[in-house]
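This briefing sets out the sheet, the core, the aromatic contacts and the charged pairs of the structure shown below. Please read it with the sequence and the model in view.

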Amino acid sequence: MEKNSDGYILLLLSALIIFYLKLGNPINFYRSKNVVNNYISNKYSSDMYIAKTYYNGSGKYTMAVQSKNREDFYFLVDTRDGKITADNYDEKISGK
């Protein structure tokens, strides 16, 4: 019985390490998503949503925000420690 429980613990630890390397701390990940959702709903139109999230290491996340009406339009929002650090919406609109 002890060999099975050791195997489960090893499998769980492996899954947690892979999750952490890919998405970072799960609490920070969900907090950043909530911050960006609030940011885009308050600053931009309600037809925007987070299409993809990238973990950049050291607690930094980049989220691709896309329009529901125009699939070809998206912009990036960067977060760190639960705060917005950058947004390239203006660059996308101006095309520069």
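Asp81 and Arg80 form a salt bridge whose closest N and O atoms are 4.0 Å apart; a salt bridge here is a side-chain nitrogen of Lys or Arg within 4 Å of a carboxyl oxygen of Asp or Glu. The model is predicted: local features need pLDDT of at least 70, side-chain atom pairs count only at pLDDT 80 or more, and totals for chains, interfaces and linings use all residues. Residues are numbered from 1 along each chain as its sequence is written, and side-chain values use heavy atoms, with hydrogens and water left out.

**Charged pairs**

- The structure holds 2 salt bridges.
- In the Asp81–Arg80 bridge, Asp81 is exposed at 54% relative accessibility, whereas Arg80 is partly exposed at 36%. Buried means under 20% relative accessible area, exposed over 50%, and partly exposed in between (1.4 Å probe, protein chains only).
- Asp72 forms a salt bridge with Arg70, with 3.6 Å between the closest N and O atoms.
- Asp72 is exposed, with a relative accessible area of 60%, and Arg70 is partly exposed, with 46%.
- Side chains of opposite charge can pair when their charged atoms come close.

**Sheet**

- An open sheet is formed by 4 strands in the order E1-E2-E3-E4, with antiparallel pairing. Strands (E, at least two residues) and helices (H or I, at least four) are DSSP runs numbered from the N terminus, and two strands pair if DSSP finds at least two bridges between them.
- E1 and strand E4 (83-87) are the edge strands, each pairing on one side only.
- From one strand to the next, the twist averages 30°.
- H2 packs on the sheet and touches E1, E2, E3 and E4, and its direction makes about 40° with that of E2. Axes are lines fitted to C-alpha atoms, for helices over the stretch in contact, and angles run from 0 to 180 degrees between N-to-C directions.
- Strands of a sheet pair through backbone hydrogen bonds, either parallel or antiparallel.

**Strand E3 and its partners**

- E2 and E3 pair in the antiparallel sense over 7 bridges, and they form a hairpin with 6 residues between them.
- Ala64 stands opposite Leu76 in E3, while Met63 has Val77 in E3 as its bridge partner.
- E3 and E4 pair in the antiparallel sense over 4 bridges; the bridge partner of Thr79 in E4 is Ile84.
- The hairpin of E3 and E4 has 2 residues between the strands, and Asp81 in the turn has a positive phi of about 55°.

**Nonpolar core and contacts**

- The largest nonpolar core has 13 residues, of which Val36, Ile40, Tyr44, Met48, Val65, Phe75 and Val77 touch the most other members. A nonpolar core is a set of buried Ala, Val, Leu, Ile, Met, Phe, Trp, Tyr and Cys residues joined through side-chain atoms within 4.5 Å.
- H2, E1, E2 and E3 each supply at least two residues of this core, and the largest share, 4 residues, comes from H2.
- Leaving aside neighbours within four places in sequence, Met48 is in contact with Ile40, Val65, Gln66, Ser67, Phe73, Phe75 and Tyr89. Contact means heavy atoms within 4.5 Å.
- Ser32 lies in helix H2 and is buried at 2% relative accessibility.
- With neighbours within four places in sequence again left aside, Ser32 is in contact with Tyr61, Met63 and Thr79.

**Aromatic pairs**

- The structure holds 9 aromatic pairs. Rings of Phe, Tyr and Trp (its six-membered ring) pair if their centres lie within 6.5 Å; planes under 30 degrees apart count as stacked, over 60 as edge-to-face and the rest as tilted.
- Tyr44 and Phe75 form an edge-to-face pair, 5.2 Å centre to centre with 65° between the planes.
- This pair links distant parts of the chain, 31 residues apart: Tyr44 is in the loop between helix H2 (26-43) and strand E1 (48-57), and Phe75 is in strand E3 (residues 74-80). Both Tyr44 and Phe75 are buried.
- Phe73 and Tyr89 also form an edge-to-face pair, 5.9 Å centre to centre with 90° between the planes.
- Phe73 lies in the loop between strand E2 (60-67) and E3 and Tyr89 in helix H3 (residues 89-94), so the pair ties together parts that are 16 residues apart in sequence.
- Phe73 is buried, at 10% relative accessibility.
- Ring pairs link Tyr39, Tyr44, Phe73, Phe75 and Tyr89 into a cluster.
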